[in-house]
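Here are a few exercises to work through with the model open beside you. Try each one before reading its solution.

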Amino acid sequence: MNEKVNEQGAENQVVSPSQLVIRRFLRSKLAVFGVCILVVITLFSVVGPIFVPYGEYEQFFAIETSYDAKTLQALVDRGTIDMDTQINTLHKEKNVQSKILKSEVDVPGKEIYTVGQAIEGVIPADKDPEQRYRLYNVSFQDKEKKELVQDGFTTDKEILLYSQKPISSDHLLGTDKDGNDVFTRLMYGGRISLMIGLICVLIELLIGVTLGGIAGYCGGIIDAIIMRIVDIMNSIPTFPVIILINSGMRAMEIAEDMKIFVLMLVIGLLSWPGVARMVRGQILSLREQEFMVATEATGIKPSRRIFRHLLPNVMPQLIVSATLGVGSVILLESALSFLGLGVSTPYSTWGIMINSVTDQNIMMNCLNVWVPPGLAILFTVMAINFVGDGLRDAFDPKMKR
């Protein structure tokens, strides 16, 4: 009996509007799932780079030369490689000649051994005692590359970018065509993509809410002027404008970091008309209600009526619009970067990383280069839409308690 009374009391207790919104939001499993995804992606992009050993612009190199067992021992002693490092056996074939040098060349064998086996002599005895070995699937950072050249272990001509290597313990998602660690760039790319989405939405909210609020409240000639400005802004094509601005920035040789801020500003300035229209429509329906008549009768200043009494009533729609807008901007930035019109290297965004799929060879054979950023965009935008739908239902007064 007491349990039933407690349950009825809990059902009949008075809750605040904010508590009611939270309860409605938490009922949506997809919205909660979206929040969890966004938290994971945000931590991965913002906090993750602190724990990775590589930098955003750090390139890795492979050495295209061979060593004998004695030199391998020297590389082990200096800590450049370890005994478990894999090597390819090499041998001279008289009938194999270089087309450029017209001389005998080293041909890699099919067998793969370890440095330890070469040093300890456990490689089959039929091999030449002066057998040479090529390091297999080993990468060097820029500092290590310079040290190897200085110490005479290789030359600049024998060092190539460690490009499009497969997944390994050193590179969890392999490397791309520029010798960059894909996993590291995925983190830093998430930072820029999320930052562009948030800042662009803040710019469009700032302009849209201000002009929409003034137009909806004042009406008359002010409303007509602002709405004509909105019509003009809506008629401006986004892509051609960004192409022209991007071409101008390249001609003026503007720094890449400044291009990011210009891109955010342009997207924000071209996106605010929709927010202005929404705010104006909401305020037109609210300004004639009784509570607004009361604020006018008590002599409250117009600015205070707008920002203290009208806008809070529009805030639920603004929150939903802003949430969905972040996903739209991330998709727009990804499309622009994919087409070479957005952020440029050396900076990384998910769109730039997918840009490598324009190469058919990478698309077919290097899934680790472009699939992870594609999935990151997919899950981020999907999670934002889940959260936006959950917020829309939570703020809807027609929803059942």
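Predicted model: local features only at pLDDT ≥ 70, side-chain atom pairs only at ≥ 80, totals over all residues.

**Exercise 1.** How do the residues of the lining of the largest cavity divide into nonpolar, polar and charged?

*Solution.* The lining consists of Ile 242, Ile 245, Asn 246, Met 249, Lys 259, Val 262, Leu 263, Val 266, Leu 341 and Gly 342. Now sort them: seven are nonpolar, two polar and one charged.

Next, see where the lining comes from: helix H9 (238-251) and helix H10 (256-286) each contribute at least two residues. As for volume, the largest cavity comes to about 70 Å³, and the count of cavities of 30 Å³ or more is one.

**Exercise 2.** Work out whether the span of H10 agrees with its number of residues, then find its kink.

*Solution.* H10 has 31 residues, and at 1.5 Å a residue it should span 45 Å. Its end C-alpha atoms are 45 Å apart, so the two agree. Now walk along the helix to Ser 271, where there's a kink of about 35°.

**Exercise 3.** Describe the largest pocket by volume and lining.

*Solution.* Its volume is about 410 Å³. Of its 19 lining residues, Thr 85, Asn 137, Val 138, Ser 139 and Asp 170 are the closest to the centre. By class, the lining has six nonpolar, nine polar and four charged residues.

**Exercise 4.** Where in the chain is confidence lowest, and where is it highest?

*Solution.* Begin with the whole chain: mean pLDDT is 79, with 87% of residues at 70 or more. Helix H1 (residues 2-12) is lowest, at a mean of 47, while helix H3 (residues 29-46) is highest, at 92. Then look at the stretches: residues 1-11 stay under 50 and have zero contacts beyond four places in sequence. Residues 94-103 are also below 50, but that stretch has nine contacts beyond near neighbours in sequence.

Technical notes:
Residues numbered from 1 in each chain as written. Heavy atoms only, no water. 1 Å grid on protein atoms, 1.4 Å probe; cavity = no way out; pocket = protein on both sides within 12 Å on 5 of 7 lines; lining within 4 Å. Points joined across faces, edges and corners; volume = space filled by probe spheres on them. Helix = DSSP H or I, 4+ residues; strand = E, 2+ residues; numbered from the N terminus. Nonpolar A, V, L, I, M, F, W, Y, C, P; charged D, E, K, R; others polar. Expected span 1.5 Å × (residues − 1). Bend = angle between axes of the 7 residues up to and from the residue. pLDDT = per-residue confidence, 0-100. Contact = heavy atoms within 4.5 Å.
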